[in-house]
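Visitor: Please show me the model and take me through its contacts.

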Amino acid sequence: KDIMNVKWPSRDKVTQVLVGLYLSRCEEDLDVKKLGMAAWKALVPNTQRVLKDLNLPLSEGAFAWIGREEQWMRRAGGKCAGDLLGNLADASCKGLVLDKLTTALARPPPDVKILAKNWVPGAQDCAKSGDLTLKQSAERLLKELKTACGGALPAPPVVTKDPLAIPQLPTAKKKQKKDPTQTKREPKAQLSKALNDLAKLGL
């Protein structure tokens, strides 16, 4: 079904579900990411229109996660903020994200260099904008990023041609060091909640 034609119990509920799905698309856990992307593609007919409507709650969700101690939440929130910079068409919406990122850097997260990789491409594009306000917001963010990252901007991540392409699962997993700030969580909890809400509505 088209999510925009479903009779939702409330506007708050549809917002909560869509924000949860979008954040799940940004997680590092590839199983969660694949399911989140598939659900978003199936339910959202016009990403640009939905992102414009959800700009405020989605950016609030992303920045709330960027400020968390859990690494998985910071990384997903950082990726979400970078996606918004790249996918939003409206200059005022992009400016809001840029200004919030600049404010967040007043107390840089411990993995700011990794998070910043998602923000640099969008900020650099905005810095070339003919919109003076957007350009200035982008320049401020890039200046703060450079300072927070030790004097040099990190190289942006390699992206696929399709920003919503579903990545292939790796054949073998490398052993990763345990992050001491990580806290135990229910696997796929964020996505499971969103999908359960959709199931209750018959989607």
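The questions below go from the overall fold to single contacts.

Guide: This is a predicted model, in which local features need pLDDT of at least 70 and side-chain atom pairs count only at pLDDT 80 or more, while totals for chains, interfaces and linings use all residues. Residues are numbered from 1 along each chain as its sequence is written, and side-chain values use heavy atoms, with hydrogens and water left out.

Visitor: How many helices does the protein chain have?
Guide: Helices (H or I, at least four residues) and strands (E, at least two) are DSSP runs, numbered from the N terminus. Along the sequence the pattern reads α-α-α-α-α-α-α-α. The protein chain has zero strands, and its helices number eight.

Visitor: What share of the 203 residues of the protein chain counts as buried?
Guide: Buried means under 20% relative accessible area, exposed over 50%, and partly exposed in between, with a 1.4 Å probe and protein chains only. Of the 203 residues, the share that counts as buried is 42%.

Visitor: How many salt bridges does a search of the whole structure find?
Guide: Side chains of opposite charge can pair when their charged atoms come close. A salt bridge is taken as a side-chain nitrogen of Lys or Arg within 4 Å of a carboxyl oxygen of Asp or Glu. Over the whole structure, the number found is seven.

Visitor: Which residue forms a salt bridge with Asp111?
Guide: The closest N and O atoms of this salt bridge are 2.9 Å apart. Asp111 is in the loop between α5 (91-104) and α6 (112-127), and its partner is in helix α4 (residues 71-87), 37 residues apart, so the pair links distant parts of the chain. Both residues are buried. The partner of Asp111 is Arg74.

Visitor: How many residues apart are Asp83 and Lys79 in helix α4?
Guide: These two form a salt bridge with the closest N and O atoms 2.9 Å apart. Asp83 is buried, because its relative accessible area is 16%, and Lys79 counts as partly exposed because its value is 22%. Along helix α4 they are separated by about one turn, and the number of residues is four.

Visitor: Which helix holds Asp99, the partner of Arg140?
Guide: The closest N and O atoms of the salt bridge between Arg140 and Asp99 are 3.6 Å apart. Arg140 lies in helix α7 (residues 132-148), and the pair ties together parts that are 41 residues apart in sequence. Arg140 is partly exposed at 43%, as Asp99 is at 35%. The helix that holds Asp99 is α5.

Visitor: At which residue does α3 bend?
Guide: Helix α3 (residues 47-66) has 20 residues, but its end C-alpha atoms are only 23 Å apart, short of the 28 Å a straight helix would reach; that expected span is 1.5 Å times one less than the number of residues. A bend is the angle between axes fitted to the seven residues ending at a residue and the seven starting there. In α3 the bend is about 70°, with the proline Pro57 following within four residues, and the residue is Asn55.

Visitor: Which residue pairs with Tyr22 in an edge-to-face aromatic pair?
Guide: Rings of Phe, Tyr and Trp (its six-membered ring) pair if their centres lie within 6.5 Å; planes under 30 degrees apart count as stacked, over 60 as edge-to-face and the rest as tilted. Of the two aromatic pairs found, this one is 5.1 Å centre to centre with 75° between the planes. Tyr22 is buried at 1%, and its partner is Trp40.

Visitor: Which residue has its charged end over the ring of Tyr22?
Guide: A charge sits over a ring if NZ of Lys or CZ of Arg is within 6 Å of the ring centre and within 35 degrees of the ring normal. Here the charged end is 4.4 Å from the centre of the Tyr22 ring, and the residue is Arg25.
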